[in-house]
There are 2 protein chains.
Amino acid sequence: MPVRRRNWTGKPDRPVTSFISTYENKVDKKGRVSVPAAYRAALGSDIYQGVIAYPSLTGPAIEGFGRGALEELNRRRFDLSLDGGDFTQALVGRSDDGLVETIMSLASEMPFDGEGRIILPTRLAEHAGITDRATFVGRGTRFQIWSPKEHSKQQMAEVAALRAKLTGGDAP
Amino acid sequence: MPVRRRNWTGKPDRPVTSFISTYENKVDKKGRVSVPAAYRAALGSDIYQGVIAYPSLTGPAIEGFGRGALEELNRRRFDLSLDGGDFTQALVGRSDDGLVETIMSLASEMPFDGEGRIILPTRLAEHAGITDRATFVGRGTRFQIWSPKEHSKQQMAEVAALRAKLTGGDAP
DNA sequence: TGGGACATCATGGTATATCATGGGTATTTA
DNA sequence: TAAATACCCATGATATACCATGATGTCCCA
């Protein structure tokens, strides 16, 4: 029987694990950006291994999360194959996991400097259209990095859609 | 001899978990407001010392609840994806989860100071039209923060709607 | 039951720590 | 060796921790 594994963060007593709120920080001429302190706190011990990032497949943004979440995800993927008795899967991947495997290949590790900053890889910054400022967007279990301009457009669209859904009756 | 009297964090005699009643408090020039002691008691079982708040999507108000509820929500969200074997979900978000993800980005953590006050983030205060006074409205499992003026309008509307309903006519 | 002692609360102000940011220099990599 | 990165220290703004006080409410005892 598969065991439920909570605490994917690796540190059960950590008080905070969620990425919430939105912050806009400056990208200096060296390409450095401060990751919001609240996010660094949410990363906990993962902070020593930097953050994992990959280009969003649904828009001009960068997706980010801690190394611990990545490890947990891949371990669960492997476990699922073995538990199912399909050992071939464990070696060649599950057929419906193509997206995950693509993302793994696109992901980068961004280490922190002593002040909690990271350097955005050129490829990711270009994908998100980030130049001199970056908006960090908490999504709960992970976070995103947007260019402020693109993000404000995105956010307005999101809120408008939700508002319509909530106030526009039960009809979809 | 002055005794330290800052033990509002202590467990109440009988555990309280619901937010009820309405309180109006002052917002000082630094944007600080005392959270009603009764609400703090309701949060007392929450090991996280602070509240989470986000702008209501349906009106000029701030929604608030305990940090523990947020952590629980996100932990379940991540686990659900992994347990279901849908690892893509964990990386790019669930397609039907737009509401949660948007709220995460709009939410703020408001930690208590030593006196049980929070600082209303400018963005939230503006959304609710709060300037110098704030009305805390208990809604059971969560609470809301209104500007007193907006709240009295809201309350009158609520009461009027209920009255119309009770006096027979199915008001439009 | 009246009143006083004491605790709690909302509120105000000040000192200190943290954060985001900037720049210089050493160290690695191509 | 040139460019890119890692490491170190500095700084202003801002948020947080700390301390103080008057008012209100509660409890206990005469």
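A crossing is called left-handed if the near helix is turned anticlockwise from the far one by less than a right angle, and right-handed if clockwise. Helices here are DSSP runs (H or I, at least four residues), numbered from the N terminus. The structure is a predicted model, in which local features need pLDDT of at least 70 and side-chain atom pairs count only at pLDDT 80 or more, while totals for chains, interfaces and linings use all residues. Residues are numbered from 1 along each chain as its sequence is written, chains are lettered from A in the order in which they are written, and side-chain values use heavy atoms, with hydrogens and water left out.

**Helix packing**

Two packed helices are described by the angle between their axes and the distance between the axes. The axes are lines fitted to C-alpha atoms over the stretch in contact, and angles run from 0 to 180 degrees between N-to-C directions.

| Helix pair | Angle | Axis distance |
|---|---|---|
| α6(A) and α4(B) | about 125 degrees | 10 Å |
| α2(B) and α4(B) | about 135 degrees | 13 Å |
| α2(A) and α4(A) | about 140 degrees | 13 Å |

Within chain B, α2(B) (residues 67-83) passes α4(B) in a left-handed crossing. Leu70(B), Leu73(B), Asn74(B) and Arg77(B) of α2(B) are in contact (heavy atoms within 4.5 Å) with Val100(B), Glu101(B) and Met104(B) of α4(B). By class, these residues are 4 nonpolar, 1 polar and 2 charged.

In chain A, α2(A) and α4(A) also form a left-handed crossing, where Leu70(A), Leu73(A), Asn74(A) and Arg77(A) meet Val100(A), Glu101(A) and Met104(A).

**Between the chains**

Helix α6(A) (residues 148-167) packs on α4(B) (residues 98-106) across the two chains, and this crossing too is left-handed. From α6(A) the contact draws on Gln155(A), Glu158(A), Val159(A) and Leu162(A), and from α4(B) on Gly98(B), Leu99(B), Thr102(B), Ser105(B) and Leu106(B).

Over the interface, 40 residues of chain A are in contact with 32 residues of chain B. The buried area, which is the accessible area (1.4 Å probe) that two parts lose on being put together, summed over both, is about 3,300 Å², and carbon and sulfur atoms give 58% of that area. The rule for a salt bridge (a side-chain nitrogen of Lys or Arg within 4 Å of a carboxyl oxygen of Asp or Glu) finds 1 across the interface of chain A and chain B. A salt bridge joins the side chains of Glu101(B) and Arg142(A), with an N to O distance of 3.1 Å. Glu101(B) is also one of the α4(B) residues that meet α2(B).

Key
Nonpolar A, V, L, I, M, F, W, Y, C, P; charged D, E, K, R; others polar.
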